[in-house]
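I opened my notebook to look up a few side chains and helices. These are my entries, in the order I made them.

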Amino acid sequence: MPSTEEVQRVRSYLLSQANKLSVPELVDKVRRDTLPLREAAAAVPPARFFERPGPGEWSAAEVLTHVLEMNEYGAQAIEGVLDHGTPPPPTGDEISGEIHRQLRSAEDFWQTYQSRRERLLARVLRARGNEHLDVTITHRWFGPLNWREWLLFMRVHDLDHLRQLQAIAQRFAS
């Protein structure tokens, strides 16, 4: 769990930036800043992709499964708010321990992630930007966020796990 100061810092960032940027700027920021996720995942040796680097640590496949789960949750939540003005059920933002076994490589995960993310971003680009800002999506640490703030949270979430993938790749390289 992040410290109280970290939670406040991230929440402040999400609220200020998400409400300052236009919808196209938000989409561009999320799209551009999460591109390195592909490279980070590909840096994990393929033979060790499903292997945990140490006791109590996540494998690259587990990290990416979590990223896919949160990507899907966020996409459904934002689309539900935009299309129907309805709040989604809460999320725990915790690793499920599941692995998408049909996805055999970092590239398989990336293609699945990218396909869903682009569908979400295309929907967001059709928004005016002020739809249903009173409807919130609640995160257990960062509290209630409107859809714009949650979209930017998805970027922060992905970057956090990007660093985790980089650490896994580095651990296996040494």
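**Entry: contacts of R116**

I started with R116 and its neighbours. Leaving out residues up to four places away in sequence, R116 touches N71, E72, A75, Q76 and E79. I noted that this is a predicted model.

Where does R116 sit? I found R116 in helix α5, which covers residues 106–125.

Is R116 buried or exposed? The relative accessible area of R116 is 8%, so R116 is buried. The cut-off for buried is under 20%.

Next I looked for a polar partner. The side chains of R116 and E79 are joined by a polar contact of 2.8 Å.

I then turned to how two helices pack. Such a pair is described by the angle between the axes and the distance between them.

For α4 and α5 I wrote down an angle of about 15 degrees, with the axes 10 Å apart. Angles under 35 degrees count as roughly parallel. That makes α4 roughly parallel to α5. I also recorded the crossing: α4 passes α5 in a left-handed one.

**Entry: aromatic pairs**

How many aromatic pairs does a search of the whole structure find? I got seven. I took notes on some of them.

The rings of Y73 and W150 form an edge-to-face pair. Their centres are 5.9 Å apart, and there are 65 degrees between the planes. Planes over 60 degrees apart count as edge-to-face.

Which parts does this pair tie together? Y73 lies in helix α4 (residues 60–84) and W150 in helix α6 (residues 147–173), so the pair links parts that are 77 residues apart in sequence. I checked burial too: both Y73 and W150 are buried.

My next pair was F142 and F153. Their ring centres are 5.8 Å apart and their planes are at 50 degrees, so this pair is tilted. F142 lies in the loop between β1 (137–139) and β2 (143–145), whereas F153 is in helix α6. The pair therefore ties together parts that are eleven residues apart in sequence.

**Entry: the cluster**

Last, I asked which residues form one aromatic cluster. I listed Y73, W141, F142, W150 and F153.

Conventions: Residues numbered from 1 in each chain as written. Predicted model: local features only at pLDDT ≥ 70, side-chain atom pairs only at ≥ 80, totals over all residues. Heavy atoms only, no water. Phe/Tyr/Trp six-rings, centres within 6.5 Å; stacked < 30°, edge-to-face > 60°. Helix = DSSP H or I, 4+ residues; strand = E, 2+ residues; numbered from the N terminus. Buried < 20%, exposed > 50% of the residue type's maximum accessible area, 1.4 Å probe, protein only. Polar contact = N/O pair within 3.5 Å; in protein donor to acceptor, adjacent residues only side chain to side chain. Contact = heavy atoms within 4.5 Å. Axes fitted to C-alpha atoms, helices over the stretch in contact; angles between N-to-C directions. Parallel < 35°, antiparallel > 145°, perpendicular 65-115°, else oblique. Left-handed = near helix turned anticlockwise from the far one by under 90°.
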